[in-house]
Amino acid sequence: MICIKNSTIHDAVRREPWQGDILVKDGKIAAIGPDLAIPEGCQVIDAAGRQVYPGFVEAHCHIGLDGSGIGFEGCDYSEFNDIFSPQLRAIDGIQPMDPAFRQAAEAGITTVCTGPGSANVLGGQFATIKTVGRRVDRMIVQANAAMKCAFGENPKRTYKDKGNSSRMSTAAKLREALFRAREYQAKLEAAGDDLSKRPPFDMKLDALLPVLRGEIPLKAHAHQADDIFTALRIAREFGVRITLEHVTEGHLIAEELAEENVLLAVGPALTHASKFELRNMTFATAGILAKAGCQVSIITDSPVIPQSYLPLCAALAVKSGMDEFDALRAITINPARHIGAADRVGSLEVGKDADIVIMTGSCFDVASVAETVLIDGKPI
């Protein structure tokens with residue numbers, strides 16, 4: 001057991017920080033409140049003068065698949081031979097010993113949703129994992145958290161000579177895949193337990209069944225406003241769940257996105273506009289969307305921005321007008337909800353994983369450091 005005493009707690013639930021203690025037992029938060037009794041034999045961490053936060057959460061990145069210092073030839077974040085690859089699983093490509101994981105954990109980023117990149121119309125299955133471990137199987141929070149799909153320039157430029165050179169082609173190919181998967185599902189359901197009537201097994205279509213059943217969302221890479229609306233249009237056509245990733249032009253359509261009530265992962269903004277679709281990029285986007293009533297997560301899209309800079313990205317959003325509490329929630333409870341892991345991570349509440357960050361100052365102050373980080377109740 002560990003008891004964190006005398007801390008200033010930012011629990012991501014209450015707007016104002018408060019003074020209290022946190023008791024950790026068996027990897028979970030066992031109690032949280034003022035003046036907790038210290039059980040016999042409990043390790044005490046005196047956090048007087050320190051700021052305590054939930055472990056920071058990234059809703060969309062490629063950490064472990066696009067490794068540190070290995071160059072393009074060593075990257076595993078996209079399959080460049082097949083525009084339609086929903087059967088791919090992030091857990092089969094993640095390299096837990098990539099130094100980026102240690103750097104992320106030491107900065108207080110304790111949970112990430114990572115997976116295939118955006119070269120493909122359908123890229124594969126994202127996984128939610130903790131940032132500490134040598135074997136991915138023991139880091140998993142959700143092995144299949146979402147199905148990546150992509151709109152805009154990336155599928156166009158990757159497959160421009162292979163039958164996909166326009167936004168219309170990208171949308172049509174995604175529709176075709178979903179139509180085929182729906183037909184495959186109908187044949188399976190009609191066959192029931194009669195194996196002789198079942199259609200031949202199709203690994204790609206089978207991988208899309210959790211999307212059609214509403215078990216996981218489409219995780220839609222979309223920067224431009226028109227791509228965002230196309231993604232939403234297709235999701236509504238097929239009655240599937242969707243989250244929007246990047247949302248670079250979200251501030252231009254904030255009212256429409258608020259009406260849609262869809263989860264938004266905004267970023268990366270700590271980079272130059274490398275493509276035409278990023279020309280309206282600004283750190284103000286997250287704050288504008290939050291003020292409009294949207295649920296916003298801030299992302300690094302690491303390694304586009306180093307994973308450890310997630311709190312810095314939130315700080316820059318605050319500098320550009322975002323409310324501090326909204327910014328804190330954008331790197332804690334909102335991304336946890338975005339990836340379907342809010343029952344375990346994203347806030348400091350009894351019963352949740354003891355992922356806790358003790359900082360020397362505000363997480364929005366670049367001079368502050370993560371002095372102590374606990375993941376699943378263990379100081380790392």
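The side chain of His 251 has a polar atom that lies 3.4 Å from the backbone oxygen of Asn 280, a polar contact being a pair of N or O atoms within 3.5 Å in which, within protein, one must be able to donate a hydrogen and the other to accept it, with residues adjacent in sequence counted only if both atoms are side-chain atoms. His 251 sits in the loop between β11 (242–246) and α6 (254–260), where helices (H or I, at least four residues) and strands (E, at least two) are DSSP runs numbered from the N terminus. Leaving aside neighbours within four places in sequence, His 251 is in contact with Asn 280, Thr 282, Thr 285, Ile 288 and Leu 289, contact meaning heavy atoms within 4.5 Å.

The model is predicted, so local features need pLDDT of at least 70 and side-chain atom pairs count only at pLDDT 80 or more, whereas totals for chains, interfaces and linings use all residues. Residues are numbered from 1 along each chain as its sequence is written, and side-chain values use heavy atoms, with hydrogens and water left out.

**The chain as a whole**

- The protein chain has ten helices and 16 strands.
- Its radius of gyration, 21 Å, is close to the 21 Å that the globule rule gives for 380 residues, so the protein chain is as compact as a globular protein of that length; the radius is taken over C-alpha atoms, and the rule is 2.2 Å times the number of residues to the power 0.38.
- The C-alpha trace of the protein chain spans about 65 × 50 × 40 Å along its principal axes.
- Of the 380 residues, 57% count as buried, a term that means under 20% relative accessible area, with exposed meaning over 50% and partly exposed in between (1.4 Å probe, protein chains only).
- Among contacts between residues at least 6 apart in sequence, 68% join residues at least 24 apart.

**Glu 277 and its surroundings**

- Glu 277, placed in the loop between β12 (264–266) and α7 (285–291), counts as buried because its relative accessibility is 0%.
- The side chain of Glu 277 makes a polar contact of 3.2 Å with the side chain of Arg 167, and a polar contact of 3.1 Å joins the side chains of Glu 277 and Lys 275.
- When residues up to four places away in sequence are not counted, the residues that Glu 277 touches include Arg 167, His 221, His 223, Asp 227 and Glu 249.
- Glu 277 and Ala 225 are 52 residues apart in sequence, while their C-alpha atoms are 9.2 Å apart in space.

**Ala 12**

- Ala 12 is in the loop between β1 (2–9) and β2 (18–25), and it counts as buried because its relative accessibility is 2%.
- Residues touched by Ala 12, not counting those up to four places away in sequence, include Pro 54, Phe 325, Arg 329 and Ser 347.
- From C-alpha to C-alpha, Ala 12 and Arg 337 are 12 Å apart in space, and they are 325 residues apart in sequence.

**Helix α4**

- Helix α4 (residues 203–212) is mostly covered, with seven of its ten residues buried, among them Leu 205, Leu 208 and Val 211.
- The buried residues of α4 pack against β8 (122–130), β9 (140–150), α3 (167–191) and β10 (218–222).
- At the start of α4, a side-chain oxygen of Asp 202 reaches to within 3.0 Å of the backbone nitrogen of Lys 204, and after the helix comes Gly 214, whose phi is positive, near 80°.

**Backbone features**

- The peptide bond from Gly 267 to Pro 268 is cis, with omega near 0°, and Pro 268 is found in the loop between β12 and α7.
- A cis peptide bond also runs from Ser 302 to Pro 303, with omega near 15°; Pro 303 lies in the loop between β13 (296–298) and α8 (310–319).
- Asn 6, in strand β1, has a positive phi near 65° although it is a residue other than glycine, and at 41% relative accessibility Asn 6 counts as partly exposed.
- His 246, in strand β11, has a positive phi of about 90° although it is not a glycine, and at 2% relative accessibility His 246 counts as buried.
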